[in-house]
Amino acid sequence: MNASTTSHSSDGRNLGLLIAAQSLGGASPPIIISLGGLVGQQLSNNPSAATLPVSLYQLALALCTLPAAWLMHRMGRRFTYMIGALMGAVSGAVAAQGIAQSDFVLFCIGTACSGFYAACVQSYRFAAADAVMGDSAAQARAISRIMIGGLIAGIIGPQIVIWTRDALPGTPFAGSFYGQAVLALLALPLLACLRLPKAQSKVVAGEARPLMEIVKTPKFIVAAAAGVVSYGLMAFLMTAAPMAMVGCGHTIGEAALGIQWHVLSMFAPSFFTGKLINRYGNRAITTLGLLMIGASGVMALLGLDLFHFWGALILLGVGWNFGFIGATSLITECYRPAERAKVQALNDFLVFGTVAIASFGSGQLLHTVGWNGINTGMLPLVAIVLVLLGLQSSRLKTA
């Protein structure tokens, strides 16, 4: 067996392990997001603080992207990912204890501690891309396949909630957070088996540019803006949609079904997104994703029937898939091997910092400007990034 065959075998093995780990680790957010507000209502004396556990989770995810990246740089991805899984197990147990003891603060600490694990899980896509660095087509396929794990996680997470929410008598939902802890522990042996490439910073340290120099490049600005807008708008609208649907007279069950279709549409296209990027280019697919996000806003503005809400959520999900995977592929073009850790960390900090802000502000903005106001306001943001992508594509064609 020659070196090339061995390398491809190793890449495939790592990719399979990362998909499986993504399926388990990605199941934690649906548990926290779907139950955090309900538990908050039970434990908090202040109704306005009911969504605080979810918002703290989102904030911790954003803040932990930088220390997680530093730890990956110093100790390697495998070690950091295993620490993240352990943190995920501890956070689930702490949150469950918060429910058992009717301690709102302890429950919030538990959901916040999940942020480090989530930051690690979000970087699995970059680990897959780094494993095939130098082959842009293979990188796009690897990123897309990792996102398939998100589809599986979107099934596992809600099922854990259904199976375990009443598992412990007298403490509703505590069993679901113990389930979250078990899923994290199951990911540990998978992560321990990873054999990822070592960081190359020591080999090519002289070639690394200062971070601010990279940030000022048009490539990074456009790629980061596309990722921030794709993920930020998706998170904002997904959070606001169920409240808007119930406020318009639709049932909680109809709202939940709409979110299920949305999650399915977010991850199902991952089976072919990588192939589309290889055929048409990452800028074209990112542009298509943003156009679909814009179309979801237009669909929402056309009416308040169930058809309009569900249609908007499906378009939003597919648009996020194309936009976010495309933007991730664009980010991989912005750095050299020695620069990847800090550039990836900054990108995720910007993306998930925006998601955290959206989590804190979606309910208040929905109350202030309404569902139509939110969808009208998002269209200019999409248009700005589309213009940036168009200008960049034009410059590349004439170069």
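Which hand does the crossing of helix 12 and helix 14 have? The crossing is right-handed, the term for a near helix turned clockwise from the far one by less than a right angle, with anticlockwise counting as left-handed.

Before selecting anything, note that this is a predicted model, in which local features need pLDDT of at least 70, side-chain atom pairs count only at pLDDT 80 or more, and totals for chains, interfaces and linings use all residues. Residues are numbered from 1 along each chain as its sequence is written, and side-chain values use heavy atoms, with hydrogens and water left out.

**Stop 1: helix 12 and helix 14**

Select residues 270-280 for helix 12 and residues 306-331 for helix 14. Helices here are DSSP runs (H or I, at least four residues), numbered from the N terminus. The two axes lie 10 Å apart at an angle of about 50 degrees; axes are lines fitted to C-alpha atoms over the stretch in contact, and angles run from 0 to 180 degrees between N-to-C directions. The pair is therefore oblique, a class left over once angles under 35 degrees (roughly parallel), over 145 (roughly antiparallel) and 65 to 115 (roughly perpendicular) are set aside.

Next, show Ser270, Phe272, Thr273, Leu276 and Ile277 of helix 12 with Asn321, Phe322, Ile325, Gly326 and Ser329 of helix 14, which make the contact (heavy atoms within 4.5 Å). This contact has 5 nonpolar, 5 polar and no charged residues. Ala, Val, Leu, Ile, Met, Phe, Trp, Tyr, Cys and Pro count as nonpolar, Asp, Glu, Lys and Arg as charged, and the others, Gly among them, as polar.

**Stop 2: His308**

Stay in helix 14 and select His308. At 13% relative accessibility His308 is buried (under 20% relative accessible area; exposed is over 50%, partly exposed in between, with a 1.4 Å probe and protein chains only). Leaving out residues up to four places away in sequence, His308 touches Met299, Leu302 and Gly303.

**Stop 3: helix 3 and helix 5**

Move to residues 52-75 (helix 3) and 104-122 (helix 5), whose axes come within 6 Å and cross at roughly 40 degrees. This crossing is also right-handed. The contact includes Cys64 of helix 3 and Cys108 of helix 5, and divides into 16 nonpolar, 5 polar and no charged residues.

**Stop 4: the cysteines**

The count is 0 disulfides, a disulfide being a pair of cysteine sulfur atoms within 2.5 Å. From Cys64, the nearest cysteine sulfur is that of Cys120, 8.3 Å away. Cys64 is buried at 16% relative accessibility. The sulfur of Cys108 is 11 Å from the closest cysteine sulfur, in Cys113, too far for a bond. Cys108 is buried, at 7%.

Conventions
Helices (H or I, at least four residues) and strands (E, at least two) are DSSP runs, numbered from the N terminus.
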